[in-house]
Amino acid sequence: MRRKKEIPLEHAPEITVTVNGTIVTRRVPARRHLIDFLREELGLTGSHTGCEHGVCGACTVRVDGRIVRGCLMLAVQADGRRVDTIEGLSDSGELGELQEAFHRRNALQCGFCTPGMLLAAQDLVAGHPDASRSEIREHLSGNYCRCTGYQAIVDAVEDVLAARRKST
Amino acid sequence: MKAPPFAYVRARSLGEVFDLLEHHGESARLLAGGQSLLASLNMRLAAPELLIDITHIAELSGIEVRGRKIRIGALATHAEIQRSAEIARHLPLLSQAAPHIAHVAIRNVGTFGGSLAHADPAAEWPACCVVLDAQFVLRSRAGTRRVAAREFFQGLYATALRPNEILAQVEVAATGTNWRSAFVELSRRRGDYATVGVAALARKSARGVLSDLRVAFLGVGPAPALARASMAALEGKRVSADTIAAAGEALGQDLEPSADLHAAASTKLHLARVITGRALTALAA
Amino acid sequence: MDTTNSGYVGKSVPRANARRLLQGRGTYVDDLRLPRLAHVVFFRSPHAHARLRKLDLAAARTMPGVIAVVDGAALAPYCKPWVGVLGHLKGIKSPPQHAIAIGRACWQGEAVAAVVAETREQAEDALEKIEAEWEELPVVVEMKDALSGRRVIHQELGDNICFKRELDTGAVDEAFAKADIVVEETYDFGRHTGVTLEPRSILADYNAAEHTLTVYHATQTPHMMQDIFSRHLDIPEGNVRVIAKDVGGSFGIKVHVYADEMAAAALSVMLRRPVKFVADRLESFISDIHAREHTATVRLACSKEGDILAFDLDDLTGIGPYSVYPRTSGIEGNQVVNLTGGPYKHQQYRAKMHVVFTNKNVTCQYRAVGHPIAVAITEAIVDLAAAKLGMDPAEFRRRNLVPDDAYPYTFPSGLKFEKLSHHQALDRLLELMDYKALRTEQAALRAKGVYRGIGLAAMIEVTNPSPAFYGVGGARISSQDGATLRFEPTGTITCLVSVTEQGQGTEGAFAQVAASALGVSIDRVRVVTGDTAVTPYGGGTWASRGAGIGGEAVLQAGKVLRERILEVASAILKTDKSELDIASDEIVSKVSGEPRLELSELGRVAYFRPDTLPMDFQSQLMVTRHYTPRSYGFTFTNGIQASLVEVDADTGAVTLLKHWCVEDCGTVINPMLVDEQIRGGIAQGIGAALYEECLYSPEGQLLNGNLADYLLPMAGEMPDIIVAHVTTPTQTSELGAKGAGEAGTAGAPAAVMNAINDALAPFGARVTAQPFTPERILRALGKVS
């Protein structure tokens, strides 16, 4: 047997994360993924756990400005970083245009995928203002929606891109 | 579906990583992007006692061009590589392959080194590194050694990495202007693991003759390997229906595909032939 | 909607309840937090069929945070077992099923123990400490083996046949004998499942002091579940309250009684505290119902002129080891028998159907129950007949579809159709897709080695079911729904409806109907659903019944409430009621339209100053009405779909280029909602056609029970889908709405199959086994063995 433990091991480190603009400090179990941390510790239940193996996209949140799978990141990995969720991005108004377009187009049914879908869509709107219809589909292809045929979602994103192009 | 308990350390230096690996041996796992590891932890397919987070070790990150040599840090994310103008200029094969890796949110976090060290047989980067003849820089307490990509991948999820050793960088020579590359992948849906894929690279003369051709597959065997018989069939020739057929025929010697959920071995071989033709056509274009 | 201004009906009004979902402010079961909440996880059988020799729970009980670890026998006193049979499915049989299996597991994933702990993590940690000793038993995995009866899963039942049905119009053999053309083919359908993005979720909160049970449940049927919990947990019905807040997709997955959910409720009673169960994705795949595993051989007889004479069907379906309670697993096969050949005017039909037990996960009703099978086998064999005759498939259908003036019409299987519009729908479809131009383009591309295919699929769909569906068989499932409309003092309307909302937009549609019936603006109507303590009693959401049945109840309640409001107005204004009307939130003069009284003022007087009204007048500003469809067993809808695909003959890959659907669901309350619901249904049908299949090993192990390996339709692969309507309102209700939820899923697999086979026609190749994977297409092409 190897001799272990000269460096003390931490199973529940203390982390400080800026969540939706507010600095929060918590001690979290190392094994807890970011979405469970947001949901269980902070009560931010807008991000959903759909598969917990990184496929469905319902847990999409933003870390330091980039979209990630919240179920494939530990809360401890978010220490010192900025995390933005559907709640914060709704309150700040950043998602306003997309939310309006989604509402107008009925680009959601049960709404379970919607927070993740909006974050993925906003990533496209911010980074690829000239995206074509097929590029929109491509960009959203990691976010599963069982209710719609995706078409209203693509239409809504296309509306926002078109409106932005017109206004600039 | 919650991960089993484990401890977590955010390593600040390679020295600290080596200390931890020495102390904890196989009960410790390195955590880079974690895009495969976290899924298997959540599913309780893995149960390490310790995760060593290496993502804050500066010397493992970044993409650096020194003359003709490109050094890609193990922590470079798929998205960084996809976005990199330097990569597009010097190693277009990697730019061609990057969009095939999963989806945006995963490419933002998943790392080059993590994918290579994980050595999933259906992953894109290993095959690319094999055809690019990349050198893997492996570091441990004992020092630094370099292993060619062709020797690095040894089997299903098996690599040349020794216990207590870490993949730090990958060094690749830039492919020059007379080189052509192609990456073709078939998957059931966008972003899925490849049913079969091919990375191809060759020097192309003004007359359209291919030389130094290198072709490697993903999704057909336990590890990416050069398709030597097929390459030989085309070496010094022009791409035509005949040479494509010859290369495809020779693949029978090169590949011993194993079936997966989506395709039987014979189907994989057929598809490998089809995409070889497409890749060669792209090289010649 | 003749008697009132149709107002919002027929308009694409965005639905109000989408706002909270768009901001992540919905409330799904897993979002709730209750004091002393405990979490349950299940120890599930790793084997498809095995006897439990020993189950050691001791180590698990000592784990941190653990509250209880129980096996089936320990939980049995808290929950009576059930048997999934119905009286009108003659001869159907199934063994009793317990909340937690006792002594034996019959499929991989059946739970044999439960761990309750303070957190889900702790419960899962303890789960790893349970030790089980299994004796593996022979497994029955293939349907044919089940039918042969060589190995019988439930010895006490004698064989593996859960249910069988035969139907014969009497002269089928004669029809085949005199036919000029007979075509026959066998079709296989991969077992697939619903994959709601929100997993099955339940939070049961038993209050021992009151002997009450409050269940927050991701369910389509709160009242049915109230009855189930009451009877099986032995709590008076009035003490059980089921609340379905936001539900993250259902599609029939959340309409059944699941053993693990019953166990969660029973554990809440046993432990006298709230217990939550949320299936994780891996256990969803082995415990959510599956559906559609069928092998069907169908023969079609036809004259040389192109008249279909007869259909002959032999269907076999495997349902797992239990018929699911309370709807049974016999319905899907029954529907296949009912619906096969449904759009066509032949008079001779024979069908034979067996439902067999297997050692796989249970199957039951999932969206468009039976339709995708019936439509696929019908439309594939119809195409085959047309090809054999050298007739264009559209023309062949035109010749054989039941004429639009033939109604009411009785189909040989006994189904009665009130009024369908197959020919109008076909014409509209061909025009919409520019069928002729597509055929021309197809021919031109074929010459260049590009293989495109066009597939058509006509369909009929069961909607607005009457008590004939379940009630007559003894199931305590309401086919009636109710709506209560309350006029509030501020002049707003609260609308309580027994139909539930899973995102289809039911609440939005009800708001439109209520606002239109009352003459108020839609933002004055607030709709409440999903709470047995609050809404009228009713069936909930299934079989495309929400808009047609619930909507009619809302309309009738609205019409009466309108009269009641006018009575109050008449009393206040001292004007005869016949001279008054409601328009734009005001009482107006019927003749001049001149505003007389704001509704908020009417409310103020009615509720706070009734002393100012005549002594003999009492306002009654709350109205409840119910509606049950009874004139027909089902209010059938019809429609037709088309798919345009391109097949890569080298890789077997299918690219979906475009898809069309023309549907006649009667009155369309909200085109935007209906159209995207149809598109969503089409996407699910495309999933069946191209991607989805629960793959089992010969040992009965599910091989692809995760989202990386079970392939679902994603945005990248879905085509643009054009939806149009023919509108034939049903005369069985005033609203005239039929259901729209089945159409997409019913017809898409058939349309895609026919399109692929059309593309493959130049090669003389056909595919008949869904899903049509690249490998199956390559095999059909002879490119791989």
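The centres of domain 1 and domain 2 of chain A, taken over C-alpha atoms, are 22 Å apart. Domain 1 covers residues 14-89 and domain 2 covers 95-167, with bounds that come from an automatic or database domain assignment. This is a predicted model, so local features need pLDDT of at least 70 and side-chain atom pairs count only at pLDDT 80 or more, while totals for chains, interfaces and linings use all residues. Residues are numbered from 1 along each chain as its sequence is written, and chains are lettered from A and ligands numbered from 1 in the order in which they are written.

Where the two domains of chain A meet, domain 1 puts in 14 residues and domain 2 puts in 12; a contact here means C-beta atoms, placed from the backbone, within 7 Å. On the domain 1 side, β3 (60-63) and α2 (86-91) of chain A are the elements giving two or more residues. Helices (H or I, at least four residues) and strands (E, at least two) are DSSP runs, numbered from the N terminus. β3(A) has the largest share of that side, 3 residues. By class, the domain 1 side splits into 7 nonpolar, 6 polar and 1 charged. For these classes, Ala, Val, Leu, Ile, Met, Phe, Trp, Tyr, Cys and Pro count as nonpolar, Asp, Glu, Lys and Arg as charged, and the others, Gly among them, as polar.

On to chain C. It has 20 helices and 31 strands, and its C-alpha trace spans about 90 × 70 × 50 Å along the principal axes. A compact globule of 785 residues would have a radius of gyration near 28 Å, and chain C agrees at 28 Å; the radius is taken over C-alpha atoms, and the rule is 2.2 Å times the number of residues to the power 0.38. Of those 785 residues, 63% count as buried. Buried means 20 or more other C-beta atoms within 10 Å of a residue's own, exposed means 12 or fewer, and partly exposed is in between, with C-beta atoms placed from the backbone. Among contacts in chain C with a separation of 6 or more, 80% come from residues 24 or more positions apart.

The largest nonpolar core has 437 residues; a core is a set of buried Ala, Val, Leu, Ile, Met, Phe, Trp, Tyr and Cys residues joined through C-beta atoms within 7 Å. Helix α16 (residues 546-573) of chain C gives the most to this core, 13 residues. C:V115 is one of the residues with the most contacts inside the core. Leaving out residues up to four places away in sequence, the ones C:V115 touches include C:V40, C:F43, C:A60 and C:L127.

Helix α16(C) also passes a length check: its 28 residues should span 40 Å at 1.5 Å a residue, and the end C-alpha atoms sit 38 Å apart, which agrees. (The expected span is 1.5 Å times one less than the number of residues.) Because 21 of those 28 residues are buried, α16(C) is largely enclosed by the rest of the structure. Helix α17 (residues 599-608) of chain C has buried residues too, including C:L599, C:L602 and C:V605. The cover over the buried residues of α17(C) includes α16 and β21 (481-487) of chain C.

Most residues other than glycine have a negative phi, and most peptide bonds are trans. Here are the exceptions to look at:

| Site | Feature | Angle |
|---|---|---|
| C:Y325 to C:P326 | cis peptide bond | omega about -10° |
| C:Y407 to C:P408 | cis peptide bond | omega near 0° |
| B:D212 | positive phi | phi near 60° |
| C:N464 | positive phi | phi near 45° |
| C:K574 | positive phi | phi about 50° |

C:P326 is in the loop between β16 (308-318) and α10 (331-339) of chain C, and C:P408 is in the one between α12 (393-400) and β18 (409-410) of chain C. B:D212 belongs to strand β13 (residues 209-218) of chain B and counts as partly exposed because it has 14 C-beta neighbours inside 10 Å. C:N464, in the loop between β20 (451-461) and β21 of chain C, has 32 such neighbours inside 10 Å and so counts as buried.

In the contact between chains B and C, chain B contributes 18 residues and chain C 24. Helix α12 (residues 265-284) of chain B has the largest share of the chain B side, 5 residues.
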